[in-house]
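Hi,

Here is the structure I promised to pass on.

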Amino acid sequence: KRISNANVGIDSATEEAEAEAVVAAVDQALEAGRRAIYVSLGTVATSEHFYQKPFGHFGKGNGLEDCTGRELVQHVFRHCFEVFGDREDLFVALSLGPHEDVLEGLPAL
């Protein structure tokens, strides 16, 4: 389930309904004894500045200078799907950011 992002405009009634649905899903999972994991990469990789272009000198110190924000986010999400995908004891929530294509090319959920 995707809920709104601060950088994506939707009406407040829709935003509130979506947020309530997500909170209800988390509550239901926790009540069923599942553990929750929240994955958020912050705002730099999903920013308009870095999402489609390499980090350049900003990523040089950690080997990400040739990597785009989209590539980084998809790398992390792909590994989350691989590690947590079959875990029925977990409820995993990913903070996707504002880009509709962030899950393109990744395994089905």
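Let me start with a charged pair: arginine 87 and aspartate 89 form a salt bridge, with the closest N and O atoms 2.7 Å apart. The term here means a side-chain nitrogen of Lys or Arg within 4 Å of a carboxyl oxygen of Asp or Glu. Arginine 87 is partly exposed because its relative accessibility is 33%; buried means under 20% relative accessible area, exposed over 50%, and partly exposed in between (1.4 Å probe, protein chains only).

Before you go further, keep in mind that this is a predicted model, where local features need pLDDT of at least 70 and side-chain atom pairs count only at pLDDT 80 or more, while totals for chains, interfaces and linings use all residues. Residues are numbered from 1 along each chain as its sequence is written, and side-chain values use heavy atoms, with hydrogens and water left out.

Now the overall layout. The chain has two helices and two strands, in the order α-β-α-β along the sequence. These are DSSP runs numbered from the N terminus (helices are H or I with at least four residues, strands are E with at least two). Along the principal axes, the C-alpha atoms fill a box of roughly 45 × 35 × 25 Å. Of the 109 residues in the chain, 24% are buried.

Back to the charges. Side chains of opposite charge can pair when their charged atoms come close. How many salt bridges does a search of the whole structure find? It finds four. Another of them joins aspartate 89 to arginine 35, and there the closest N and O atoms are 3.5 Å apart. That pair links distant parts of the chain, 54 residues apart: aspartate 89 sits in the loop between α2 (69-84) and β2 (90-94), and arginine 35 is in strand β1 (residues 35-39). With 32% relative accessibility, aspartate 89 is partly exposed, whereas arginine 35 reaches 52% and so counts as exposed.

Glutamate 104 and arginine 70 also meet through their side chains in a salt bridge, at 3.7 Å from N to O. This one again ties together distant parts of the chain, glutamate 104 being in the segment after β2 and arginine 70 in helix α2, 34 residues apart. As for shared partners, salt bridges join Arg35, Arg87 and Asp89 into one network.

Next, the aromatics. A pair of aromatic rings is described by the distance of the centres and the angle of the planes. The rule I used: rings of Phe, Tyr and Trp (its six-membered ring) pair if their centres lie within 6.5 Å, with planes under 30 degrees apart counted as stacked, over 60 as edge-to-face and the rest as tilted. That gives two aromatic pairs. In one, phenylalanine 50 and phenylalanine 55 are tilted, at 5.0 Å centre to centre and 40° between the planes. In the other, phenylalanine 50 and phenylalanine 58 have ring centres 5.5 Å apart and planes at 75°, so that pair is edge-to-face. Together, Phe50, Phe55 and Phe58 form one aromatic cluster.

Phenylalanine 58 is exposed, at 56%.

Glutamate 48 and glycine 69 are 21 residues apart in sequence and 9.2 Å apart in space, C-alpha to C-alpha.

Finally, have a look at helix α1 (residues 12-31), where glutamate 20 lies. Glutamate 20 is partly exposed, with a relative accessible area of 47%.

Cheers
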